[in-house]
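Visitor: I would like to learn how to read a structure like this one. Please take me through it one feature at a time.

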Amino acid sequence: MLFDELIGEFDRGLRSITGVARMSRPVPQPDVVADDSEMTVAEQSHAAALMRVNHVGEVCAQALYQAQKLATRSERLKQAFERAAREEEDHLAWTAHRLRELDSRPSLLNPLWYAGSLAIGFVAGRFGDRVSLGFMAETERQVEQHLDGHLDRLPALDHASRAIVMQMRTDEITHARAASDAGGVELPAPVTALMRVAARMMTRTAYYI
Ligand SMILES: [Fe+2]
Ligand SMILES: [Fe+2]
């Protein structure tokens, strides 16, 4: 059973890193007709860089949810993590799709981000379900704030990226609430501060590489 589980997770890990994630929901579409050629070249590459950052965030989300799923013994929690991970896989596929539309590419460092997040997820999982859930809730809240920032920073004419980010934001809010409701504890301030530093390091790097 554990072996089956590991194979399934390994497969998902490979899909995350190689950028062939499956989407179970179609790419969110903007209300207005969006034409990328209305953006300048500089705006397009800025939008692509932001979407690359978001794609890396989703690679990390896959690894974090996978690690937590493997770490918990609770079937109920495994299912909850699986549900969220499937939505994160949509996010992964949507951001990859948008990167292709913008003639760009995912981060070259994805295997590194993935491995680092897997390790962090296992550490969080070692502290038990309630800490693990608290960690997920805090992560999702920080992602929500980060996406708010991107909604401001995306070029005004990039309606297509904005539609994707908005739906992701809605999903992350649901994930944070689900993790808190399932019994996640509040993490100590130094831990949340450390998480912010790690996230900032990742987002700054992924903008370029
Ligand atoms: Fe996500
Ligand atoms: Fe999420």
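Guide: Start with how helix packing is described: axes are lines fitted to C-alpha atoms, for helices over the stretch in contact, and angles run from 0 to 180 degrees between N-to-C directions. Keep in mind that this is a predicted model.

Visitor: At what angle do helix 2 and helix 6 cross?

Guide: Their axes cross at roughly 25° and come within 12 Å. Angles under 35 degrees count as roughly parallel, so helix 2 is roughly parallel to helix 6. The crossing of this pair is left-handed.

Visitor: Which residues of helix 2 and helix 6 meet?

Guide: From helix 2 come Met-51, Asn-54, Glu-58 and Tyr-65, and from helix 6 come Ser-161, Ile-164, Val-165, Met-168, Glu-172 and His-175. By class, that contact has 5 nonpolar, 3 polar and 2 charged residues.

Visitor: How are helix 2 and helix 3 arranged, roughly parallel or roughly antiparallel?

Guide: Helix 2 covers residues 41-71, and it packs with helix 3 at an angle of about 160°, the axes being 9 Å apart. Angles over 145 degrees count as roughly antiparallel, and helix 2 and helix 3 are therefore roughly antiparallel to each other. Their crossing is left-handed. The contact residues divide into 12 nonpolar, 6 polar and 8 charged.

Visitor: What is the angle between helix 2 and helix 4?

Guide: Helix 2 and helix 4 (residues 110-126) pack at about 35°, with axes 7 Å apart. Helix 2 passes helix 4 in a right-handed crossing. On the helix 2 side the contact residues include Val-59, Cys-60, Ala-63, Leu-64 and Ala-67, and on the helix 4 side they include Trp-113, Tyr-114, Ser-117, Leu-118 and Gly-121. This contact has 14 nonpolar, 7 polar and no charged residues.

Visitor: Where does Gly-121 lie, and is it buried or exposed?

Guide: Gly-121 lies in helix 4. To call a residue buried, look for a relative accessible area under 20%; Gly-121 has 0%, so it is buried. Gly-121 touches Leu-64, Ala-67 and Gln-68, not counting residues up to four places away in sequence. The C-alpha atoms of Gly-121 and Ala-63 are separated by 7.2 Å, although the two residues are 58 residues apart along the chain.

Visitor: Now the metals. Which residues coordinate the iron ion (ligand 1)?

Guide: The iron ion (ligand 1) is coordinated by Glu-58 (OE), Glu-58 (OE), Glu-88 (OE), His-91 (ND1) and Glu-172 (OE), at 2.0 to 2.3 Å. In sequence these donor residues are spaced E-x29-E-x2-H-x80-E. Glu-58 lies in helix 2 and Glu-172 in helix 6 (residues 159-181), so the pair ties together parts that are 114 residues apart in sequence. Glu-58 is buried at a relative accessible area of 3%, and Glu-172 is buried at 1%.

Visitor: What are the protein donors of the iron ion (ligand 2)?

Guide: They are Glu-88 (OE), Glu-140 (OE), Glu-140 (OE), Glu-172 (OE) and His-175 (ND1), lying 1.8 to 2.3 Å from the ion. The spacing of the donors along the chain is E-x51-E-x31-E-x2-H. Glu-88 lies in helix 3 (residues 75-101) and Glu-140 in helix 5 (residues 129-153), so this pair ties together parts that are 52 residues apart in sequence. Glu-140 is buried, with a relative accessible area of 3%.

Visitor: Which residue bridges the iron ion (ligand 1) and the iron ion (ligand 2), and how far apart do the ions lie?

Guide: Glu-88 bridges them, and the ions lie 3.9 Å apart. Glu-88 is itself buried, with a relative accessible area of 1%.

Visitor: What does Gln-62 touch?

Guide: Gln-62 lies in helix 2 and is buried, with a relative accessible area of 0%. Leaving out residues up to four places away in sequence, Gln-62 touches Arg-12, Ser-16, Ala-85, Glu-88, Glu-89 and Leu-92.

Methods
Residues numbered from 1 in each chain as written. Chains lettered and ligands numbered in written order. Predicted model: local features only at pLDDT ≥ 70, side-chain atom pairs only at ≥ 80, totals over all residues. Heavy atoms only, no water. Donors = N, O, S within 2.8 Å, 3.2 Å for Na, K, Ca; no water. Helix = DSSP H or I, 4+ residues; strand = E, 2+ residues; numbered from the N terminus. Buried < 20%, exposed > 50% of the residue type's maximum accessible area, 1.4 Å probe, protein only. Parallel < 35°, antiparallel > 145°, perpendicular 65-115°, else oblique. Left-handed = near helix turned anticlockwise from the far one by under 90°. Nonpolar A, V, L, I, M, F, W, Y, C, P; charged D, E, K, R; others polar. Contact = heavy atoms within 4.5 Å.
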